[in-house]
Amino acid sequence: MSNSQIVSTATDKVRALSSSLKDGLLVGKRYVDLLNELVETNEPQDLLSATEELVNLNLTNAFVKFPQHYQPADYYLLFMSRMLELNAINGVAISQHNHALQANIQPLEEGLTFKFEPANEHAGAFFADQRHHEPLFYIDLENRLLNFSNQALVDFFIVKQVNNYNDLDLEEALAPLISFAKLLKDRLDFRIDLGMLSTSNQTVFGLQKPDLDMAVIDKLFIDTTETDYFLMSLPQNNGAQLNLDRGIKLQLGFDPEDYSQQWGFRVLDENERSSFFGILLHYPIVRDWYLKNRAALAIQTIHFAPRLTRAQVKEEAPLEDA
């Protein structure tokens with residue numbers, strides 16, 4: 001090989017190295033810019049854009065290493081924290097542990113922490129506690145949707161925590177999560193599904209099973225006979241209604257004009273402040289009856305984590321029961 005060929009080959013290698021280093025440094029600069037945007041911007045849309053880009057940013061480079069950097073789960077958590085901060089909503093505190101971010105929710109104990117966990121085959125992430133890993137809600141930034149899991153809400157708050165905290169404390173812990181979902185809807189046009197946290201009188205919480213053994217309603221009648229609550233049949237014999245205090249009514253029935261006769265719960269409250277979850281939280285007699293008969297009364301979650309990925313057609317996830 002001639003000297004000129006050796007020099008040429010060496011020059012090409014230097015150019016290739018220089019180019020690779022430049023590419024790596026450009027990625028690093030973009031990473032820093034996005035991090036600054038994430039913690040400094042006051043615009044929700046810019047906050048969303050920075051988070052989405054960070055989640056998808058590939059920092060892998062053969063020549064430039066980034067030994068300390070956050071993971072996608074951390075960006076989701078920062079996004080949530082900043083959205084709450086921009087709207088002066090308290091209750092969620094972010095801290096760092098083992099180079100990863102975690103959240104504490106007041107007034108739950110400090111040892112009960114929360115993180116976002118990758119949804120694997122799905123496009124987004126699940127917000128879950130790190131003791132039981134109950135996925136309380138699913139978020140997808142790219143497709144702008146957030147859905148609560150009825151099953152996880154019951155498992156985490158009603159089954160695992162209701163004996164550790166009073167109902168008002170658990171309601172307080174849920175408040176910032178509900179606010180976050182509503183902020184995404186109002187400020188960023190997200191489609192949200194509050195599930196059993198919805199307080200609308202029009203919401204029907206359909207049961208997972210297509211029919212219902214009337215003996216289950218009979219059990220509620222027996223449980224409430226010595227209380228101030230009154231259980232009555234619906235006008236067309238299509239279910240029952242439990243009259244609670246403060247004018248709140250809990251219905252369990254089906255639409256007689258619907259050929260499918262799908263059973264479901266419905267909460268009627270003149271002020272539309274009560275959800276089905278709130279009924280379970282505040283009324284032990286209803287909660288105990290529901291949990292004892294959960295196999296028959298489980299509420300379905302629709303579109304909890306649809307398989308939404310880039311350039312793919314939306315698929316419907318299986319129903320999930322609560």
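Student: Why is Ala 88 called exposed in this predicted model?

Tutor: Ala 88 has a relative accessibility of 65%, and the cut-off for exposed is over 50%, so Ala 88 counts as exposed. Ala 88 is found in the loop between α3 (72–86) and β1 (92–97).

Student: What makes the peptide bond between Gln 106 and Pro 107 cis?

Tutor: Omega of the bond that joins Gln 106 and Pro 107 is about 0°. Most peptide bonds are trans. Pro 107 is found in the loop between β2 (100–105) and β3 (113–118).

Student: How many aromatic pairs are there, and why is the pair of Phe 116 and Phe 137 called edge-to-face?

Tutor: The count comes to 19 aromatic pairs. The ring centres of Phe 116 and Phe 137 are 5.9 Å apart, and rings pair if their centres lie within 6.5 Å. Their planes stand at 70°, and planes over 60 degrees apart count as edge-to-face, so the pair is edge-to-face.

Student: What parts does the pair of Phe 116 and Phe 137 tie together?

Tutor: Phe 116 lies in strand β3 and Phe 137 in strand β5 (residues 135–140), so the pair ties together parts that are 21 residues apart in sequence.

Student: Are Phe 116 and Phe 137 buried or exposed?

Tutor: Buried means under 20% relative accessible area. Phe 116 has 3% and is therefore buried, and Phe 137, with 0%, is buried as well.

Student: What makes Phe 254 and Trp 263 an edge-to-face pair?

Tutor: The ring centres of Phe 254 and Trp 263 are 5.2 Å apart and their planes are at 65°, so the pair is edge-to-face. Phe 254 is buried, and so is Trp 263.

Student: Which residues do ring pairs link into a cluster?

Tutor: The cluster includes Phe 116 and Phe 137, and among its other members are Tyr 76, Phe 79, Phe 114 and Phe 277.

Student: How do you know that Arg 131 forms a salt bridge with Glu 109?

Tutor: The closest N and O atoms of Arg 131 and Glu 109 are 3.3 Å apart, and the limit is within 4 Å, so the pair counts as a salt bridge. Arg 131 lies in the loop between β4 (125–129) and β5 and Glu 109 in the loop between β2 and β3, so the pair ties together parts that are 22 residues apart in sequence. The structure holds five salt bridges.

Student: What parts does the salt bridge of Asp 155 with Arg 294 tie together?

Tutor: The closest N and O atoms of Asp 155 and Arg 294 are 2.8 Å apart. Asp 155 lies in helix α4 (residues 150–160) and Arg 294 in helix α9 (residues 294–297), so the pair ties together parts that are 139 residues apart in sequence. Both Asp 155 and Arg 294 are buried.

Key: Residues numbered from 1 in each chain as written. Predicted model: local features only at pLDDT ≥ 70, side-chain atom pairs only at ≥ 80, totals over all residues. Heavy atoms only, no water. Helix = DSSP H or I, 4+ residues; strand = E, 2+ residues; numbered from the N terminus. Buried < 20%, exposed > 50% of the residue type's maximum accessible area, 1.4 Å probe, protein only. Phe/Tyr/Trp six-rings, centres within 6.5 Å; stacked < 30°, edge-to-face > 60°. Salt bridge = Lys/Arg side-chain N within 4 Å of Asp/Glu carboxyl O.
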